[in-house]
Amino acid sequence: MGKEMKFSVMSLTLFFFLSIALSGCLGAREINDLEIVIGMGVDKEKDSEDILLTAQVVKVDAAGGGSGNSSDGGGSKAFWNVSSKGSSIFDAVREMTHKTGNRLFISHNQAVIFGNDLAAEGLQDYIDFFLRAHEMRPTALILIAEKKASDLMDAKSETEKYPAMNIAKFVENYGYTSHFYKVNMKDFASCLMSGTTAPLVPLLSIVEEKEGKDIYVSGMVAIKNGKMVGKLNHDEVRGVLWVLDKVESGVITVSSPNEQGKAVLEIIKAKSKVKPELKDGKIVMNIKIKEESSLSEQTTTENLANDKALKKLQENSAEVIRQEIMAAFDKSRDLKADFFRFGEMLHKKYHKEWKALKDKWDEIYPTIELKIEIDTKIIKTDLLNKPVSPSD
Amino acid sequence: MFGYILKKIRYLSLKNKYMLQNTQPGENNSEPISPVLEINLEAIKSILHESSDVTIHEFNFGHERKNRGALIFINSITDKEEIHKNILQPLMYDVLLLKNAVGMDFNDIDTIRKNLISMTDNKKVAMLNDLLDSLLAGAAILLINGSKEALAIKSVKIKSRSIEEPGTEAVVRGPREGFVENVNENIALIRRKIKDTDLCVEKYVIGEKSKTDVCIVYLKSVANPKVIEEIRIRLKRIKTEAILESGYIEQFIEDCPYSVFPTVSNSEKPDKVAAKILEGRVAILVDGTPFVLVVPMVFIESFQSVEDYYARPFFASVIRIIRFLSYIISTLGPAIYVALTVFHQELIPTQLLISIAEGREKVPFPAILEAFLMLFAFDLLREAGVRLPKPVGQTVGIVGALVLGEASVQAGLISPIMVIVVSATAIASFAVPAQTDSGTVLRYIYLVLAGIAGGFGVIMGLLATLLHLASLRSFGTPYLWPIVPLDTAGLKDVFIRMPLWTLSKRPKAITWDSYDSYNQSPDLMPSPYNKDNNDPK
């Protein structure tokens, strides 16, 4: 009994000791020891190969700060923009601990903003860390700044405490206008890997106001081979979104039937289908768009709530959509950047032929023809069924 | 590791058994009663060590006062008036009224019993230790000189508490009565619910010194005979000095003494016990406690309340789901909080993470220690509140709430979210009374696991618990029935309570009938009998 017991007592102690000692490094760390990063900006350092990383860290004690004094009055910010230089992103991330003391916790990173210089030179080299790091979420948004990313990081919104959260909020809600759309790390990476697709990334601009500065999305930039090649304005982006079936809602302004005023339509539902066709080496994309809208506003006294007027409006709105698509397509032809993902669609349908097409894609792309069929319908006129005007 | 502990315990229990066999008590008094009165009295006096509350009254009786007898009783537990009126008076005076008494042999105990004693609950005893047992159970012993037998006439007078609403199982709707300490009254309460010839009561006396009455009550036609036999065997095995509460019996007969989960249920409510007896379970009533044991027990029973069946099914189902949730919260609440905040911060929504971080900013302890402190404080408060007299108990509550809730947060010792987590846990732990004990133990185990290995540890703990639960049996019934093994008929009364008219089968894992055992007709769905006649006009 004695020997056996000694052994079991030993194994018992060992079990407890090891289970605590070995699992102690499973990754326990207290919340107090975290520097919660909610946004990151990457810029090119002037006159050097280094990059400048700016991380927006939550300042925990000021975040609550006694819920009474909202922090805009006292001037104490709820966040801290830490920046550091490094030859690589990871280098800069670790370099930052010289200032913060604690390691950065980037699981809650909402957005990664690349500076204009960096985007023009190429994102390819800097995207790896954000996909590889296990803490980083692939759903973090990717954005490009019109100038420097670090300038965007302290433009505080009046309702949101943290600039990065504010950016994430308005990018998530792109659906109200469909003037741009959100691109996260995962989408961006999969576009980069497809070879032919040129991803679009929202472009952030700053507008100076009386009290500080405001950030807004001024359009999207097209990235080709990891480099920024051109910018698209709001209407052009919506042209792309019509084809990609990503329009959620938005505003279409058309002239009224008697050309005296405007009718404003709200997009309620939009659906598109693209069928690629390859005939004798010629590529035709058949695009079918079905759109439903409501009459949300009119600036004429003409009564638009009748079949004749509505039909005219539907035709007009179809024309607007067509123009948007064509404008976007013209742009993509100029840039030779396939942000419509036509390459992927062809690849799916024409497996065998694709191999030959792929290598010459840049030459083939501008020769693609579009056949657009648009079916629009105005399904309601909201609360009024005739305009508010002195009736006759 | 557990193997070692189990081995050690088994060794100890074997050792006990061995020792018990060497000193088998209780055999020394089994001598027959002597025909000579004086010898008997001397023996009884010496055995009872001349206790002051034992009355030994010697008297002469019969027509010519030639017969000698003695009446022995313990005056603290017997009804003296009844003894005077119904034993002494007939023997000494009423006998004179008997016309044919002259020829009777008053040395014969049977003659006396049949002709003179006007009390029903009496029996003849021939052995000295039987005599003493009856005496200690509250009987008056009539010894007659020249008779080899004595008469034990039961005349117990024990003040019993009146029937009140039980403190542990208060209901909004349903009977307010609860069991009392007297086992006979408790059987009466059950008899009043089930007036059936099938209702059987078996009595056992357990405890060398306490000689406690233990009764098992069941419905002969419904209960599984194997379960009853098993209970008999397990009860007879008990050789102990005293049974002071039904908890003693529970711990001696349960299936898995090493489990934190109870495999014997208990209740203070006659309607609940009656319902379980009707399902085919067996109730074990112990004298001296209002808590009645019922076996077999399944895990799901803990989440069922009598009121579920008195209320209409919709509300009952919602409440039952809430009970399940509250059990999960009460066992896993602090563990999940610690696992999330220490290991898996990425799983917390960003805004919530920031507010948790704000709350913890000033806290000097690691989250696990914080959780332990709060849980300890809560259990301390609960224990103190229960033990103290009511007026003082309230003070404890107020002081505890102020000190722990307000002051410790303001002092920066505890984060406000931890206060919320622990108080939610505390409230939730009371929603499932039958599993409060197991929940409290598991809460600490899961918390330690969460502190060591985060979510991984908690999942491991849950897995071990699940395996353990699936392997548990209570008197042959799988503990997780009807979920494991799956019984679709039984599932009608698990997560939701189906309408009463659909619950027409008895639980199969309790009765073990090969055929479906019905407790009501299966077509009871209410509907107007004649729809044309239903017009109030």
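Buried here means under 20% relative accessible area, exposed means over 50%, and partly exposed is in between (1.4 Å probe, protein chains only).

Before you go on, a bit of housekeeping. This is a predicted model, where local features need pLDDT of at least 70, side-chain atom pairs count only at pLDDT 80 or more, and totals for chains, interfaces and linings use all residues. Residues are numbered from 1 along each chain as its sequence is written, chains are lettered from A and ligands numbered from 1 in the order in which they are written, and side-chain values use heavy atoms, with hydrogens and water left out.

Now switch to a cartoon view of chain A, and you'll find 15 helices and 13 strands. Helices (H or I, at least four residues) and strands (E, at least two) are DSSP runs, numbered from the N terminus. Chain A is more spread out than a compact globule, because its radius of gyration is 27 Å, well over the 21 Å that the globule rule gives for 392 residues. That radius is taken over C-alpha atoms, and the rule is 2.2 Å times the number of residues to the power 0.38. Along the principal axes, the C-alpha atoms of chain A fill a box of roughly 105 × 65 × 60 Å.

Next, zoom in on K99(A), which sits in helix 5 (residues 97-100) of chain A. Is K99(A) buried, exposed or partly exposed? With 49% relative accessibility, K99(A) counts as partly exposed. Show what surrounds K99(A): leaving aside neighbours within four places in sequence, its contacts (heavy atoms within 4.5 Å) are W80(A), V82(A), S83(A) and S84(A). Then select K312(A) too, 213 residues from K99(A) along the chain; their C-alpha atoms are separated by 64 Å.

Last stop: colour everything by pLDDT, the predictor's confidence in each residue, from 0 to 100. Chain A averages 86, and 91% of the residues score at least 70. Pick residues 65-74 of chain A, though, and the pLDDT is below 50, with three contacts in the model beyond near neighbours in sequence. Where pLDDT is low, the predicted coordinates should not be read in detail.

Over in chain B, the average is 87, with 95% of the residues at 70 or above. Where in chain B is confidence lowest? Go to helix 1 (residues 2-22) of chain B, with a mean of 70; the highest is strand 9 (residues 282-286) of chain B, at 96.
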